[in-house]
Amino acid sequence: MNLKSTTKHYKNIIILSLISCFSLVGCEGGSSSNMGAMAFLFSSSADYTKVLNYSGTNVVLPSLLALKNDTATLETKALAYYITQNATTLGELQDAWKTAHVSLKRVEVFYFGPGTYPSTKNYYVKMDAFETISARPLWTYVNKIITNTATCATTDPITSTDLAACSVIYKGFESLEMLIFSSDGLASTIDNATSINSVNTAGSRRLEYLKSLAQLINQDANSLYTSWDPSGGNFLGNFIAGNGSYFSNQGVAFDTYVQSLGNMAYQIWDGKLGGPACLTPGCSTNPNPKSTEATFSRNAYQDLYDNLLGFELGYQGNPADTDAVTLSTMIQAQNSQLDTDIKAAIAALKSAINTSNDLYAQIDTDGTSVGTSINTNVKPIYNLATTLKVLFNVDAFSALGVPSLPPAADGD
């Protein structure tokens, strides 16, 4: 057998072997098989290790570092406000909250691993329980801490250590939001600095609570980053290798990553737009502006936009990085038109979101039914979110051989 025929012979053996065992979770076992995935093996040079390594190292870890740094600034501004309550320190604290919230919303797409497991950590949920809905902080709960009628953090003054032992309904960004954007706990009104400062008075329990919340948010952001950091808990290494207590193989790690992006697409479509505006099929309630995100800061559209930026980064990485090996790389190799359509859907949704608009007000204007304001302002964005959800959660999942999301598609 000459060299040419020998090479051809072994190539055929390799291909037949791959056909017999290949799936997106590999021959180690996993969730599904997909013969179309053969395409990207030979045309895109994308494999599990490359995609997981790029996504974890160049997407997830830097995003968590940004959250860590921004929450450090948030804590600093909260301490400055704790010392002096005036319009300037309050404005700087509010700006720091919004900046840190940008980073939070951009990492929300990576809703797995140390952020949710084991249950004693749950860093994402402690910082932001919005996706869990039932555990979301409400003014009723926050006011119990202020009035010292809760069953936790009963010491006076409150400390971050005391607060850490409390349920998530008393903690996180939303609890802090109520204390720095509202004087009365009513989301329907937008309060000025004078009224907010009048209740956040020096020596008050409310002010101690505010400081402790910012400290705890920063602690949790630090712990979350450290758990991923190779020099810390090195969950990044577990993610890339597909091992440890969270993953049984690389295929499970890959599926988890794709499903996490899919959950974000679902949350944008339903939890953050369709649900509050009662546009989601089967909505049996009335439109409810209080179900929107960031109700007191009226920052819901900014949050939505930043969620989308996180999704975009998770899907295609940095477009300027010529060495990027991403989900987009995989989809391009199998169905270039689908990749083009997904990117176009992301771009269209980004263009439609005006971050200066007030989603709460747009829904509230219509009262107890879907009316002109929702149909004019919210529904066009919702329709674009629907397109992205279908393209990614149906078509891309199928192309990548990833199992569908659970019916509820929640972040618990």
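User: Why is Cys-166 called buried?

Analyst: In this predicted model, buried means under 20% relative accessible area, exposed over 50%, and partly exposed in between, with a 1.4 Å probe and protein chains only. Cys-166 has 6% relative accessibility, so Cys-166 counts as buried. Local features need pLDDT of at least 70, side-chain atom pairs count only at pLDDT 80 or more, and totals for chains, interfaces and linings use all residues. Residues are numbered from 1 along each chain as its sequence is written, and side-chain values use heavy atoms, with hydrogens and water left out.

User: How do you know that Cys-152 and Cys-166 form a disulfide?

Analyst: A disulfide is a pair of cysteine sulfur atoms within 2.5 Å, and the sulfur atoms of Cys-152 and Cys-166 lie 2.1 Å apart, so the pair meets the definition. Cys-152, at 12% relative accessibility, also counts as buried.

User: What makes the disulfide of Cys-152 and Cys-166 right-handed?

Analyst: The torsion about the S-S bond of Cys-152 and Cys-166 is about 115°, and therefore this disulfide is right-handed.

User: Why is the disulfide of Cys-278 and Cys-283 called left-handed?

Analyst: Here the torsion about the S-S bond is about -105°, so the disulfide of Cys-278 and Cys-283 is left-handed. The sulfur atoms of Cys-278 and Cys-283 are 1.9 Å apart.

User: What makes Cys-283 partly exposed, and is Cys-278 buried or exposed?

Analyst: Cys-283 has a relative accessible area of 29%, which lies between the two cut-offs, so Cys-283 is partly exposed. Cys-278, with 15%, is buried.
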